[in-house]
Number of protein chains: 2
Amino acid sequence: MNFSTRDMDGARPIGVFDSGIGGLTVLREITRAMPSEDTIYLGDTARVPYGSKSKETVERYALEDARFLIRRGVKMVVVACNTASAFALEKLRLELKVPVIGVIEPGARAAARITRSKKVGVIGTEGTIKSNAYSSAIKAINPEIAAFAKACPLFVPLVEEGWLRDDVTREIASRYLEGFKKLEIDTLVLGCTHYPLLKETIAKALGTGVVLIDSASATAEEVKRTLAQAKLLNASGEEGEHRFFVTDSPERFIAVGRRFFGETLDYAELIELI
Amino acid sequence: MNFSTRDMDGARPIGVFDSGIGGLTVLREITRAMPSEDTIYLGDTARVPYGSKSKETVERYALEDARFLIRRGVKMVVVACNTASAFALEKLRLELKVPVIGVIEPGARAAARITRSKKVGVIGTEGTIKSNAYSSAIKAINPEIAAFAKACPLFVPLVEEGWLRDDVTREIASRYLEGFKKLEIDTLVLGCTHYPLLKETIAKALGTGVVLIDSASATAEEVKRTLAQAKLLNASGEEGEHRFFVTDSPERFIAVGRRFFGETLDYAELIELI
């Protein structure tokens, strides 16, 4: 055996954390884009949701989450949570010695690249929409783009109920998204990690001509690009291993999380953050 | 002026706390049953929801909430939160020198008194249903009563959206409550402080012959009875004053809270719990 330091680095897992279950959509896209990567996922299910909490509190929680991953030797931290991405990314980048990637910048960049009409819609939880994080990020990339934001608070509980292709969900989606039709947007950012599971229903409610930006896959692409640039991709060619940790209720995490990640999610370890 | 100590005690406000907005339904029933009482309401909106948190954490939060009310001189503490009632009542009763009333015991007692078929349904959030608090309380009163519990996680966000009498809400209610029809319950406990706003819709979904137990009004009756027994009722005959405190986002609390309490809720003070 004769590994160079570089090889050893690439073999380390990618760390992903979220306030709960939603970040599993980001993890799924990461494993699809890079099947050889090992991953460690932390869902802070005891303190979910972060959306209603102050910047200071979210920063503290995010640091605790990230340090847990760092102690397990990850080569990169992915913040698969919109609120933590909006509030804590700067702090994490200052504090951590590995690359840190959030979900908002990749989604905003993809939207700015794709829109032709320069009219972009953003949907998310109340907290994310109130934070203006996506709108600010899009404006920062191209000030000529108008971003229209709408909170869709029923989408998360609908996804957690598993009512993905359902008359009730369709009716709710068409109510939430009706206003976008008059605004003539050509691009819609799914600004919540739960929403990719409603992609089909959301697309139908909007009608044709609107491109949906899934922050999860935009983030996975950015993870891949960043690892490639840093020569940190796992070159083993073997299928990666995926480990899951939660701060509360592993049973519920597994039951609901399988809809997000798939059947291979069959074990999650309960931990206490220090 | 010549007040006896007893008169002075009766003039003190009733303290009510909840993890957020829902407890306002309990406050509303208290003010209806005892219009002369002054009240102080604390919504711990920065840390909402309590339902997903551990017993230890909820005990700590509940103690902090209660101490805030005690510092403001309340004559009684009403725990208008199902999770805190389930987890922290004992601790609060040990710690506080004023009477403490939760929402679970009054609801359970009312259900046990009313049921003829000895088959009672209970609906609530996932946390409340998982805690078995209502079922245990009902069994403790009368072991012959069978309690059937069902979590209805979409009801809270539907109420917060304000979709109270709405086709979508009706459809969701009929799905959630369908199973109760076969069980031949004659009594249903609304085991969540948000649910009284859906009373009409829930009653229609169940059909006739099922009595709905609103924990909020059962709790208000218990508050009145306890104050009367302790000779602590406010005998001024004047309309009471109501003050509101929150730990985050007073604007949202007022906007959503008005649906729960009415238009007179026009100010809430932002505080930090210590």
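Buried residues are those under 20% relative accessible area, exposed ones are over 50%, and partly exposed ones lie in between (1.4 Å probe, protein chains only). Helices (H or I, at least four residues) and strands (E, at least two) are DSSP runs, numbered from the N terminus.

The model is predicted: local features need pLDDT of at least 70 and side-chain atom pairs count only at pLDDT 80 or more, whereas totals for chains, interfaces and linings use all residues. Residues are numbered from 1 along each chain as its sequence is written, chains are lettered from A and ligands numbered from 1 in the order in which they are written, and side-chain values use heavy atoms, with hydrogens and water left out.

**Exercise 1. Helix H2 of chain B**

Determine how many residues of helix H2 (residues 24-33) of chain B are buried, and identify the elements against which they pack.

Solution. 
Step 1. Eight of the 10 residues of H2(B) are buried, and the helix is mostly covered.
Step 2. The buried residues are B:Leu24, B:Thr25, B:Val26, B:Leu27, B:Arg28, B:Glu29, B:Ile30 and B:Thr31.
Step 3. With contact meaning heavy atoms within 4.5 Å, these residues pack against strand S1 (14-18), S2, S3, helix H11 (215-229), S9 and H12 of chain B.
Step 4. B:Glu29 has a relative accessibility of 12% and therefore counts as buried. Apart from its neighbours within four places in sequence, B:Glu29 contacts B:Ala216, B:Ser217 and B:Ala220.

**Exercise 2. The six-stranded sheet of chain B**

State the strand order of the open sheet of six strands in chain B, and name its edge strands.

Solution. 
Step 1. Two strands pair if DSSP finds at least two bridges between them. The order is S4-S3-S1-S2-S9-S10 (chain B), with parallel pairing.
Step 2. Strand S4 (100-102) and strand S10 (269-270) of chain B are the edge strands, each pairing on one side only.
Step 3. Three bridges connect strand S3 (residues 76-79) of chain B with S4(B) in the parallel sense; B:Val79 stands opposite B:Gly102 in S4(B).
Step 4. Helix H12 (residues 250-261) of chain B packs on this sheet, where it touches strand S2 (39-43), strand S9 (242-246) and S10 of chain B. The direction of H12(B) makes about 135 degrees with that of S9(B), where axes are lines fitted to C-alpha atoms, for helices over the stretch in contact, and angles run from 0 to 180 degrees between N-to-C directions.

**Exercise 3. The four-stranded sheet of chain B**

Describe the order of the four strands in the other open sheet of chain B, and the helices that pack on it.

Solution. 
Step 1. The order is S6-S5-S7-S8 (chain B), with parallel pairing.
Step 2. Strand S6 (146-151) and strand S8 (211-214) of chain B each have a single partner strand, so one side of each is left without a neighbour in the sheet. From one strand to the next, the twist averages 25 degrees.
Step 3. Strand S5 (residues 119-124) and strand S7 (residues 187-190) of chain B run parallel and are joined by four bridges; B:Gly121 has B:Leu188 as its bridge partner in S7(B).
Step 4. Helix H7 (residues 133-141) of chain B lies across S5, S6 and S7 of chain B, at about 170 degrees to S6(B). H11(B) touches S7 and S8 of chain B, and its direction makes about 55 degrees with that of S8(B).

**Exercise 4. Salt bridges**

Solution. 
Step 1. A salt bridge is a side-chain nitrogen of Lys or Arg within 4 Å of a carboxyl oxygen of Asp or Glu. The structure holds 44 of them over all chains.
Step 2. A:Glu126 lies in helix H6 (residues 126-131) of chain A and B:Arg252 in helix H12 of chain B, so the pair joins two chains.
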